[in-house]
Amino acid sequence: MPLDDSFTLISGSISEESGIHNGIEMKVLVTYSSLTGNTQKLAEGIYEGISPEFKEIKPMKEVTDANDYDTILAGYWVDKGGPNEEAKKFLESLSGKKVGLFATLGYWPDTEHGMKSLINGESIVKEKNQVIAKYICQGKLSEKIISMFEKLPVDNPHAITDEKRKRYEVAKNHPSSLDIAYAAELFRERLSVHV
């Protein structure tokens, strides 16, 4: 599946953004919904890696007024091919913002399923907001979900196979420090242009 430029991770020097645009202090919020800690870990890495002076990080459930921020970097865990319900409601509430999206899923991020999961999040916000970047990476699955999959009949698409067991082992290492560094670099670069 071809990727657009918002999936491209570019290396090189990074210009520092000040958080001031046309003499006005811009406020950036990094927010997330996390079930197993994957998305929270990614959010914390992005927060540490961006440099606007006026930035905050908090879970979506603690955001009382998104209008307090000019730019929102919102993270979700993938559920049924898109944002989990809490994140979906939050994203639907945004209007007139610059939005960056990041997501974690228990599958390979570079598959059609992975890309569609991110694009489905983008489709929620793109009509009323400006999407400045999007990023997705693999995350470990919870033992509860794996146990549920183990009970499924073999003809179920989520039933456990030897290949899936190996993939779940690989997933335990994600989001990795490299995943987090790529996400932080992507959002740092985009903020330097858009904020």
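Axes of helices are lines fitted to C-alpha atoms over the stretch in contact, and the angles between them run from 0 to 180 degrees between N-to-C directions. Helices (H or I, at least four residues) and strands (E, at least two) are DSSP runs, numbered from the N terminus.

This report concerns a predicted model, in which local features need pLDDT of at least 70 and side-chain atom pairs count only at pLDDT 80 or more, while totals for chains, interfaces and linings use all residues. Residues are numbered from 1 along each chain as its sequence is written, and side-chain values use heavy atoms, with hydrogens and water left out.

**Overall arrangement**

The chain has 6 helices and 8 strands. From the N terminus on, these elements follow the order β-β-β-α-β-β-β-α-β-α-β-α-α-α. Of the 195 residues in the chain, 48% are buried; buried means under 20% relative accessible area, exposed over 50%, and partly exposed in between, with a 1.4 Å probe and protein chains only. Contact means heavy atoms within 4.5 Å. Among contacts between residues at least 6 apart in sequence, 79% join residues at least 24 apart.

**Two packed helices**

Helix α2 (residues 85-93) packs with helix α3 (residues 112-125) at an angle of about 35 degrees, and their axes are 8 Å apart. Lys88, Leu91 and Glu92 in α2 meet Gly121, Ile124 and Val125 in α3. By class, this contact has 3 nonpolar, 1 polar and 2 charged residues. Here Ala, Val, Leu, Ile, Met, Phe, Trp, Tyr, Cys and Pro count as nonpolar, Asp, Glu, Lys and Arg as charged, and the others, Gly among them, as polar.

**The nonpolar cores and the aromatic pair**

A nonpolar core is a set of buried Ala, Val, Leu, Ile, Met, Phe, Trp, Tyr and Cys residues joined through side-chain atoms within 4.5 Å. The largest core holds 21 residues, of which Leu42, Ile46, Ile50, Leu73, Phe102, Tyr135 and Phe187 touch the most other members. Its largest share, 5 residues, comes from α6. Leu73 is in contact with residues including Val28, Ile46, Phe102, Ile132 and Leu191, its neighbours within four places in sequence being left aside. A second, separate core of 20 residues includes Met60, Tyr69, Val99 and Leu105.

The structure holds 1 aromatic pair. Rings of Phe, Tyr and Trp (its six-membered ring) pair if their centres lie within 6.5 Å; planes under 30 degrees apart count as stacked, over 60 as edge-to-face and the rest as tilted. The rings of Phe102 and Phe187 have centres 6.1 Å apart and planes at 70 degrees, so the pair is edge-to-face. Phe102 lies in strand β7 (residues 98-105) and Phe187 in helix α6 (residues 177-194), so the pair ties together parts that are 85 residues apart in sequence. Both Phe102 and Phe187 are buried.

| Residue | Place | Relative accessibility |

The C-alpha atoms of Val193 and Ile132, which are 61 residues apart along the chain, are separated by 9.1 Å.

Most residues other than glycine have a negative phi, and most peptide bonds are trans. Lys80, although not a glycine, has a positive phi of about 55 degrees. A cis peptide bond, with omega about 0 degrees, joins His174 and Pro175. Pro175 is found in the loop between α5 (162-171) and α6.
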